[in-house]
Amino acid sequence: MSIPEQRSDATTAMAPADWSIDRAAQYYNLSGWGAGFFSVNEKGHVVVHPMGQPGPVIDLMDVVEDIRERNIGFPCVVRFQDVLRARVKQINEAFGKAIAEMSYGARYYGVFPVKVNQMREVVEEILDAGAPYHYGLEAGSKGELLVVLGMNADPEALTICNGYKDEEFLRLALLGRKLGRKVIVVIEKLSELPHLLRLADELGVEPMIGLRSKLTTRGTGKWEGSSGDFAKFGLTVPELIHAVRILKEARKEHCAKLLHFHVGSQLTEIRVVKDAVNEGARVYAKLRKMGLPIEYFDVGGGLGVDYVGTHSNGYTSSVNYTMDEYVGDIVYNVQRVCMNEGVPEPHIVSESGRAVTAHHSCIIMNVFGQIEIGSVEEIAQASIPQPNEPKVVREMREIVASMTPRNRAEAYHDAAAKKEEALQMFKLGILGLEERAVVESLFWKLVRGIADLNRGKKRLPRETKDLGDKIADQYMANFSLFQSAPDHWAFDQLFPIVPVHRMGEAPTRDTTIVDITCDSDGKIDRFIEGDGVDETLSLHALRPGEPYYLGMFMTGAYQDIMGDMHNLFGRVNEIHVFVDDEDPEDFYIEEVIPGDTIEKVLSRVQYEPADLFRRVKTALDQKVKEGAIRPKEGVSLQDFYESVMKGYTYLGGV
Ligand SMILES: *Cc1c(COP(=O)(O)O)cnc(C)c1O
């Protein structure tokens, strides 16, 4: 199911002497994946450039401070509404520019597919920023269409309806036509066409019809099944011809307004985009010649985002092209085919969701502890020989003491065998718990020694290559992977993870990250690092009593909406940040949206919080009656139970 990213040979844990803030920005590759929106300032904090550079700068640690002052718990989603606006502008201007440069004979009418992020504030912001370009919306279900009909009131902007449709869905689309909106019903399967024509007739409106073509060009990457002969949606070539016949028989050819295709999300290769556009443009030209006056050519979604920041190199979370190249190739290829076929150039539509929303939000979480294998204290203690040690302990000491760079693979084998021997002896009852502990600590001492020798070296004995990863610290972060980054769990999608502060200090710990669910899948062990991907991430040593904050970036597309309530960790607190040049910190928090309370997630799985409270109260009352609990304590325990119920589902202060 999961397709692992390739592994690079990136090295980990830096020598403090070589460290600098520039080195940090390079190591966490902010300029690679950040699309110009993120960098590190002289304090070593991650900063956001919501309107690009130069422009206002928001220090993420100032945002963290605000979150703390307002007592909003972590994890917290931070949305930069200006980043969203900037992306809407970028895609529209990229098309505008390409169209002008190539003297293309029509316009761009983009739509935002709301499934990518349905949140009202996100959709509103996109519509507002897109208004000058008549940017529209796409809906794939009745629920989404209800939203879109309410939100998209621009009579020139498109509303595109994809997905399988029942009668209500079709009637809703026609209601939009009654309102004078450009609502286009995309026919995904042939039977929808006569159905739509009949309902339109009944309601006395002219439908706007789109035809989805099942292209043979297939995407590469994780969504390649969205196209090709066996895809779920769209009409095959014989079905398209059948559709033309149905339209002609009903004398409704003039209602055919749009040709649609969608090759898959996060297209990693520009070649696939070109192939699909060429194939689609030919289909458009042929349909035009058959008498359908199609005006819009809809290339669907798929514009990818470079989460890794490496400009591909085979990573499916990366892409080998830029937005400008994508746009230029579409405009150029449609124009070329139209010229060749002698048909008019259609308006171009794209349904880019990921590319518009991915950058605008991140989630900030606190690291609240670590799991360390063979801690410094344990190793130091085990290193002091005791009188009358059992033979197995003495032999382990001997192996550790005689390890050299040359014999390290051999020493590792010997030590692993010795550890196993100690375990067998323990099981037979001839080795005590303390002695077994010493053997294990000595084993980890050896492993740490080998990992230190291996650090930064490219050619390593095979047996010891992964030891560094094995003894990485597990940093415990206050979040649920299943709620906040489900795509990492479902198909190994990578998201940049970066400390929000302390960038001026060398990160000295090799780590992996675990979440707070009880699920062993709730972990991250693939990271973006320099110009590659690695199984561990270098982070800073935790300081007692001092919070350490990580940001997981580029979570604005799909993650919010697909998150689930594993372990009853609910929706996360959220703030919306806007640029404000007048403010000394360049920003203000426009909105705070509290995450789910425990009460709320419990109701969703059919528990009645009041009933649970009554049950616990009854049990407490009983204990009070028996004299086991003082009445006053009983009341305060009741209050405590109730206050936890009304609180946040994530970890609070410790
Ligand atoms: C999901 C989807 C999109 C959005 O794709 P992105 O890759 O996020 O831009 C667009 N159109 C259709 C039909 C989709 O199913």
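**Entry 1: Lys 257**

I located Lys 257 in strand 10 (residues 256–260); strands (E, at least two residues) and helices (H or I, at least four) are DSSP runs, numbered from the N terminus. I note that this is a predicted model, in which local features need pLDDT of at least 70 and side-chain atom pairs count only at pLDDT 80 or more, while totals for chains, interfaces and linings use all residues. Residues are numbered from 1 along each chain as its sequence is written, and side-chain values use heavy atoms, with hydrogens and water left out.

I recorded a relative accessible area of 17% for Lys 257, so this residue is buried (under 20% relative accessible area; 1.4 Å probe, protein chains only). Beyond residues up to four places away in sequence, I found Lys 257 touching Ile 184, Met 208, Ile 209, Ile 294, Glu 295 and Tyr 296; contact means heavy atoms within 4.5 Å.

**Entry 2: the annotated binding site**

I looked up the UniProt annotation "binding site", which comes from an unreviewed entry and covers Phe 297, Asp 298, Val 299, Gly 300, Gly 301, Gly 302, Leu 303, Gly 304, Val 305, Asp 306 and Tyr 307. From this set, Val 299 and Gly 301 belong to the lining of the second largest cavity. A cavity is a set of points on a 1 Å grid over the protein atoms alone where a 1.4 Å probe fits but cannot get out, and lining residues have an atom within 4 Å of a point. Such annotations may be inferred rather than shown by experiment.

I placed Phe 297 in strand 11 (residues 296–298). Phe 297 counts as buried because its relative accessibility is 0%. Leaving aside neighbours within four places in sequence, its contacts include Leu 259, Phe 261, Val 277, Tyr 284, Val 334 and Ile 348.

I found Gly 304 in the loop between strand 11 and helix 11 (323–341). Gly 304 has 10% relative accessibility and therefore counts as buried. Apart from residues up to four places away in sequence, Gly 304 touches Gln 266, Leu 267, Val 319 and Tyr 321.

**Entry 3: the whole chain**

I noted 23 helices and 23 strands in the chain. Its C-alpha atoms fill a box of roughly 100 × 75 × 55 Å along the principal axes. Of the 654 residues, 54% are buried. Among contacts with a separation of 6 or more, 76% join residues 24 or more positions apart.

Key:
1 Å grid on protein atoms, 1.4 Å probe; cavity = no way out; pocket = protein on both sides within 12 Å on 5 of 7 lines; lining within 4 Å. Buried < 20%, exposed > 50% of the residue type's maximum accessible area, 1.4 Å probe, protein only.
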